[in-house]
Amino acid sequence: MSRVLAGAGGRAGEEVQVEQGPSGPAEFWRGQTRYVVGELLDSWVESAPWWQTDATGRGGASAELVATRQVWRVEAVRAGRSRMSFAGVFDLSWEPTGNQWLLVRVHD
């Protein structure tokens, strides 16, 4: 089971700070909590659904809607905890249009 997180303005995702490694995110911060990435499970590119509305509330294709974002599925653990008993699976997304990282899904 997974939870999709909702951010400000109804967009999917919670803003996080990410430190990148050679193959993707190496660690990230949710508020004051630091998570260390143990394993990169998968990565892919997504585009926004065509039926999404833009900032004016109108539907249809726009440059923002056809923009893609890179998503990384990672196994991570809170800093200082054992990976064997406290690891979680998270989807982190780089949003180039907003120049920010988002935590978009948490898998239970």
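How many aromatic pairs does the structure hold? The structure, a predicted model, holds five aromatic pairs; rings of Phe, Tyr and Trp (its six-membered ring) pair if their centres lie within 6.5 Å, and planes under 30 degrees apart count as stacked, over 60 as edge-to-face and the rest as tilted. For Trp72 and Trp101, the ring centres are 5.2 Å apart and the planes stand at 40 degrees, so this pair is tilted. The pair links distant parts of the chain, 29 residues apart, with Trp72 in strand S5 (residues 68-78) and Trp101 in strand S7. Strands are DSSP runs (E, at least two residues), numbered from the N terminus. Trp101 also pairs with Trp94, with centres 5.7 Å apart and planes at 55 degrees, so that pair is tilted. Trp72 is buried at 11% relative accessible area and Trp101 is buried at 9%, whereas Trp94 is partly exposed at 27%. Buried means under 20% relative accessible area, exposed over 50%, and partly exposed in between (1.4 Å probe, protein chains only). One aromatic cluster is formed by Phe28, Tyr35 and Phe90.

Residues are numbered from 1 along each chain as its sequence is written. Local features need pLDDT of at least 70, side-chain atom pairs count only at pLDDT 80 or more, totals for chains, interfaces and linings use all residues, and side-chain values use heavy atoms, with hydrogens and water left out.

The largest nonpolar core has 13 residues, of which Phe28, Val74, Phe90 and Leu92 touch the most other members. Such a core is a set of buried Ala, Val, Leu, Ile, Met, Phe, Trp, Tyr and Cys residues joined through side-chain atoms within 4.5 Å. Two or more residues of this core come from each of strand S2 (14-21), strand S4 (33-47), S5, strand S6 (88-95) and S7. Leaving aside neighbours within four places in sequence, Leu92 is in contact (heavy atoms within 4.5 Å) with residues including Val16, Phe28, Trp72, Val74 and Trp101.

Six of the eight residues of S6 are buried. S5 and S6 pair in the antiparallel sense over seven bridges, and Arg73 stands opposite Asp91 in S6. Strands pair if DSSP finds at least two bridges between them. S6 and S7 also run antiparallel and are joined by seven bridges; Val89 has His107 in S7 as its bridge partner. These two strands form a hairpin with four residues between them, and Asn99 in the turn has a positive phi of about 50 degrees.

The whole structure contains seven salt bridges, each a side-chain nitrogen of Lys or Arg within 4 Å of a carboxyl oxygen of Asp or Glu. One of them joins Arg34 and Glu27 (2.9 Å, N to O); Arg34 is partly exposed at 33%, while Glu27 is buried at 14%. Another joins Glu46 and Arg69, whose closest N and O atoms are 2.8 Å apart. Glu46 in S4 and Arg69 in S5 lie 23 residues apart, and Glu46 is buried at 19%, as is Arg69 at 17%. Glu46 also meets Arg105 in a salt bridge (3.4 Å, N to O), a link between S4 and S7 across 59 residues.

Arg105 lies in S7 (residues 100-107) and is buried at 17%. The side chain of Arg105 makes a polar contact with that of Asp91 (2.9 Å). A polar contact is a pair of N or O atoms within 3.5 Å; within protein, one must be able to donate a hydrogen and the other to accept it, and residues adjacent in sequence count only if both atoms are side-chain atoms. Glu46, Arg69, Arg73, Asp91, Glu95 and Arg105 are linked in a network of salt bridges.
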